[in-house]
Amino acid sequence: MGYRIVLASKSPRRKELLEKIGLEFEIWPSKVEEVMTKTSPEEVCVELCRQKALDVASQIKTYSEEHPDLTTPQDILVIGSDTIVAIPKVDRSEESSDGASHTQYDLLGKPKDTSDAKRMLNMLSDNMHSVFTGVSFVFISKEGRVGEYSFFEKTDVYFYPVDDDDIDQYIESGEPMDKAGAYGIQGEFLKFVKKIDGDFYNVVGLPVSRMWYELSNLGVKI
């Protein structure tokens, strides 16, 4: 018997991407209140996706223990994901004790309102930003043992200049309001993309090729 796969997200984009690679799965959105204790985008996206995956895994495990007559013992894979848009701060890179340079970022989540969306899109216009997506796997064995594994993927995106009228029109469409950085690269805003360095699907919301690679390395066949 293969894994029962659970996506800990109600994102239609992540759902579509998993369907594209032929996975059969169910959707169980996490309702955990996200808590950020990290500051770097690499750590933040992993921290948040772990919270989601562990929350859903805990709910599944509790339900299975409380309703053994309604559940069939099987191996379960919970997939959590979180995407952060990060803009490098100009002349604000820090040097660590080992002499390496570490860039500081402004982190952009989902806009709070239309004014916030406009602020974000103005920051992205004629600029480069990085999209970090964290992915967490939580494994629950038939016997109830739990294990986890997390990683992140980074993609750099460059935009052409976008004028105020185009930004206002895009905001009026409503598309920016549920997306990190206030845009969806698979939607109308695609026409302003100058260049992408990295995985396109990572910007959409889930680096499915990297996800498949990591599962294969873990010896997980789904």
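This is a predicted model: local features need pLDDT of at least 70, side-chain atom pairs count only at pLDDT 80 or more; totals for chains, interfaces and linings use all residues.
Residues are numbered from 1 along each chain as its sequence is written, and side-chain values rest on heavy atoms, with hydrogens and water left out. Local features require pLDDT of at least 70 and side-chain atom pairs pLDDT 80 or more, whereas totals for chains, interfaces and linings use all residues.

Points are joined across faces, edges and corners, and a volume is the space filled by probe spheres set on them.

Among helices (DSSP H or I, at least four residues) and strands (E, at least two), numbered from the N terminus, α1 (12-20), α2 (41-66), β3 (76-88) and α5 (200-204) each contribute at least two lining residues. The largest share, five residues, is supplied by β3. By class (nonpolar: Ala, Val, Leu, Ile, Met, Phe, Trp, Tyr, Cys and Pro; charged: Asp, Glu, Lys and Arg; polar: the others, Gly among them), this lining has 14 nonpolar, nine polar and nine charged residues.

The second largest pocket has a volume of about 280 Å³. Of the 16 residues that line this pocket, Ser64, Thr71, Pro73, Ser141 and Lys142 lie nearest its centre. Here α2 provides the largest share, four residues, and the lining divides into five nonpolar, six polar and five charged residues.

One cavity of 30 Å³ or more is present. The largest cavity, with a volume of about 30 Å³, is lined by Asp166, Gln169, Tyr170, Glu188, Lys191 and Phe192; two of these residues are nonpolar, one is polar and three are charged.

Most residues other than glycine have a negative phi. Asp126, not a glycine, has a positive phi of about 55 degrees and is found in the loop between α3 (114-124) and β7 (128-140). With 53% relative accessibility, Asp126 counts as exposed (over 50% relative accessible area; buried, under 20%; partly exposed, in between; 1.4 Å probe, protein chains only). Ala182 likewise has a positive phi, near 70 degrees, and lies in the loop between α4 (164-172) and β9 (193-197). Ala182 is buried, at a relative accessible area of 0%.

Key: On a 1 Å grid over the protein atoms alone, a cavity is a set of points where a 1.4 Å probe fits but cannot get out, and a pocket is an open set with protein on both sides within 12 Å along at least five of seven lines; lining residues have an atom within 4 Å of a point.
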